[in-house]
Amino acid sequence: MKVKELARLIDARLHLGTCSEDSEIAKVHASDTMSDLIEHAAPATLLLTSLHNSQLVRVAELMDVPGICLVSGVDPQPELLERARETGTAILVSPAGLEETCRRLEDCSGTLEVTRA
Amino acid sequence: MITLSYRIQGGDFDSAGLATRKLKEQLARIGVAAPVMRRAMIASYEAEMNVVIHARTGTLWARLDEEKLDLEVADEGPGIPDVQLALREGWSTASSQARQMGFGAGLGLPNIRRNSDLFDIETRVGRGTRIRSTILLGPRDDGDGPLLQTPGFLSLEPERCRACLRCIFTCPTAALRVHGSRPVLLPELCIGCTACAGECADEVFGIGSANPGSPDAGRADTGRAGLPPVPPDAVLVLPRGFLAGFPVTDSPARVLAALQDAGFADIRLVDEWEQALRREARAFAGSGSGPFPLIPPFCPAVVALVESRFPSLIPHLGRWLSPLEAAGEEFPLRPVFLVAACGAQYSSAGRTSLTDRLTVLTPARLAEAVLPGLARRAAAAPAQSAGPGGEPAPDPRELAATGVRHVMRVLSEAEAGALAGATLLDLSLCDGGCAGSPLLCADPFLALHRWQRAPISAARSDAAAVPRQKPYAQRHGVRLDKDMGEAMRRLARIDELVRSLPGRECGACGAPSCAAFAEDVVMGRADADGCPHRHGHREETE
């Protein structure tokens with residue numbers, strides 16, 4: 001699934017940076033611990049988390065993750081957005097909480113694998 | 001081989017992960033395969049975050065060769081009081097700031113271990129922590145032997161050999177043969193004790209020559225290259241026997257001065273760590289927790305000997321690092337030069353670091369560097385007396401022995417349960433301890449005499465014994481075959497052949513015993529005709 005389709009599915013705001021809106025997402029992993037996120041981070045995996053510090057982008061960069069989805073409609077810190085732009089990581093912001101966002105993704109799409117910590 | 005290093009600032013969450021990112025750029029440039037890169041990034045990032053979360057400052061080193069990627073992250077920080085607890089998932093002491101950022105879930109160390117082929121952690125409370133992670137680039141070997149076993153680093157100059165056969169009978173693990181007037185080493189059996197060097201009149205044996213393909217080949221000390229540059233903050237740790245080993249009056253003070261001229265500002269004696277280990281071991285033995293007798297790892301060759309020839313005594317080995325290894329751990333972020341007195345020290349000290357922070361020198365190489373200075377130098381002012389040294393008088397229940405034959409007998413007695421009344425075995429394979437290493441210049445007793453006339457004080461020592469994290473393990477030596485069925489068939493053939501041999505243990509075949517010769521024949525290392533006394537062959541030559 002393309003990242004822009006995924007954003008539409010969950011009504012997420014999308015900050016693309018240099019990331020292409022056609023980037024493919026095959027899997028979503030949801031977690032609120034960094035160690036768990038990095039262990040599951042991979043190309044074509046979207047990280048879904050209620051964390052919102054800029055270390056998320058560092059992990060995404062190291063692990064070639066195409067995008068990070070924040071939750072609860074937070075306003076991403078400018079620093080996080082700036083780093084995401086530099087590294088070409090897409091930032092999505094879901095209006096719903098982590099659990100609800102997970103459910104929507106699971107409901108909406110059969111092609112997407114959704115895992116949780 | 002390339003080595004990279006990056007500084008890590010403790011508490012700086014803004015630039016956290018930057019060292020790992022720089023490492024990634026370099027590894028990507030080299031073209032490291034994706035699965036290796038993935039594991040390296042997880043291990044490196046987690047280790048870097050450990051420094052950021054817990055420590056004041058640290059360094060990430062990475063070393064890459066054709067076989068593996070070594071990562072090492074060392075910090076100056078609080079250390080970890082209980083490593084086993086810290087390795088358990090879910091255990092963490094991270095600050096609330098770190099926890100709010102999603103760190104401190106207690107998954108970091110388990111994550112590093114999971115992504116490493118070889119994982120190791122050394123830590124000292126109040127000093128710091130060092131984490132090592134090795135990731136093999138190729139598929140893992142299917143053998144069940146330990147990965148990346150470091151060889152004993154014995155080096156041979158076979159053309160000097162005159163086939164006197166003394167070495168094959170001296171070697172405590174039967175690792176030597178003489179075939180066609182040339183010595184042959186079975187590296188799997190060698191424990192690096194250099195007893196052979198002590199017997200050899202022709203200087204065939206040394207340590208530290210480059211061993212291609214060995215994990216430490218890059219740092220191998222060829223003895224000809226001169227000293228590498230000595231950074232101003234470097235520490236040199238050497239055995240007392242080196243200072244006292246030159247045939248010069250007042251040699252300890254003079255050699256010390258020449259070493260200072262060579263650029264070493266901070267020179268320490270390995271004796272400091274030996275004394276620290278002795279204190280700790282005595283306290284432990286005095287606390288009454290067995291098994292007795294306790295065998296502290298004063299001499300890494302004794303440890304290797306127990307692991308290979310006396311495996312039933314492995315539980316008796318004290319769980320500390322050997323003195324030279326402990327010295328290597330003492331200064332987490334400074335360049336350290338260690339002088340190894342034997343092959344066992346050379347390989348065990350080299351193993352404490354996977355990176356270039358540690359340089360292990362042979363006595364010969366260091367001697368070459370100081371000799372010119374020694375000639376120029378006038379005798380320095382006599383050093384302060386070391387005084388009584390502050391060591392308590394030995395407990396009569398302790399048993400001290402040095403020298404291969406004596407140590408072998410003591411261990412045999414201990415194995416037979418005949419030493420239950422002894423609390424502690426203080427053993428060194430070299431005569432008189434490390435000062436008796438055949439690789440040091442002088443006879444140990446001459447060196448001791450020089451030392452006692454002009455000792456150098458080691459009073460300011462803050463050396464401490466370092467707990468050992470890695471378990472001791474039996475060394476299996478040469479396996480007869482990977483397949484157990486085939487191994488048993490070979491064993492039967494060895495048995496049969498031994499019965500056909502005369503049992504003179506004469507060494508004429510080049511092996512130290514008929515049993516060793518039989519094994520050589522079955523394993524294809526020797527020809528059955530090599531025995532001049534075998535039944536059905538010529539009864540006597542000449």
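This is a predicted model: local features need pLDDT of at least 70, side-chain atom pairs count only at pLDDT 80 or more; totals for chains, interfaces and linings use all residues.
Chain B has 18 helices and 15 strands, and 55% of its 542 residues count as buried. For contacts in chain B between residues at least 6 apart in sequence, the share that joins residues at least 24 apart is 70%.

The axes of α3 (residues 55–62) of chain A and α2 (residues 34–54) of chain B come within 10 Å and cross at roughly 155°. Because angles over 145 degrees count as roughly antiparallel, this crossing makes α3(A) roughly antiparallel to α2(B). The crossing in which α3(A) passes α2(B) is right-handed. The residues that meet there are Gln55(A), Arg58(A), Val59(A) and Leu62(A) from α3(A), and Met41(B), Tyr45(B) and Met49(B) from α2(B).

Within chain B, four strands form an open sheet in the order β11-β10-β12-β13, with parallel pairing. Its edge strands are β11 (266–269) and β13 (358–361) of chain B, each of which pairs on one side only, and the twist from one strand to the next averages 20°. Strand β10 (residues 235–238) of chain B pairs with β11(B) in the parallel sense over four bridges, and in this pairing Val235(B) stands opposite Asp266(B) of β11(B). Helix α10 (residues 271–286) of chain B lies across both β10 and β11 of chain B and runs at about 45° to β11(B).

Further along chain B, strand β14 (residues 398–402) is joined to β15(B) by five bridges, and the two strands run parallel. Between them the chain passes through helix α15 (residues 404–415) of chain B, which gives a right-handed β-α-β crossover from β14(B) to β15(B). How far is strand β15 (residues 424–428) of chain B enclosed by the rest of the structure? Five of its five residues are buried, so β15(B) is largely enclosed.

Some details of the backbone in chain B remain to be pointed out. A cis peptide bond, with omega at about -10°, joins Phe292(B) to Pro293(B), and Pro293(B) belongs to the loop between α10 and α11 (300–309) of chain B. Ala174(B), in the loop between α6 (166–170) and β7 (176–179) of chain B, has a phi near 50°, a positive value in a residue other than glycine. Its relative accessibility is 24%, so Ala174(B) counts as partly exposed. Glu505(B), which lies in the loop between α17 (484–500) and α18 (514–522) of chain B, likewise has a positive phi near 50° although the residue is not glycine. With a relative accessible area of 40%, Glu505(B) is partly exposed.

Conventions
Residues are numbered from 1 along each chain as its sequence is written. Chains are lettered from A and ligands numbered from 1 in the order in which they are written. Side-chain values use heavy atoms; hydrogens and water are left out. Buried means under 20% relative accessible area, exposed over 50%, partly exposed in between (1.4 Å probe, protein chains only). Two strands pair if DSSP finds at least two bridges between them. A crossover is right-handed if, with the strands pointing away from the viewer, the path from the first strand over the helix to the second runs clockwise. Axes are lines fitted to C-alpha atoms, for helices over the stretch in contact, and angles run from 0 to 180 degrees between N-to-C directions. Angles under 35 degrees count as roughly parallel, over 145 as roughly antiparallel, 65 to 115 as roughly perpendicular and the rest as oblique. A crossing is left-handed if the near helix is turned anticlockwise from the far one by less than a right angle, and right-handed if clockwise. Contact means heavy atoms within 4.5 Å.
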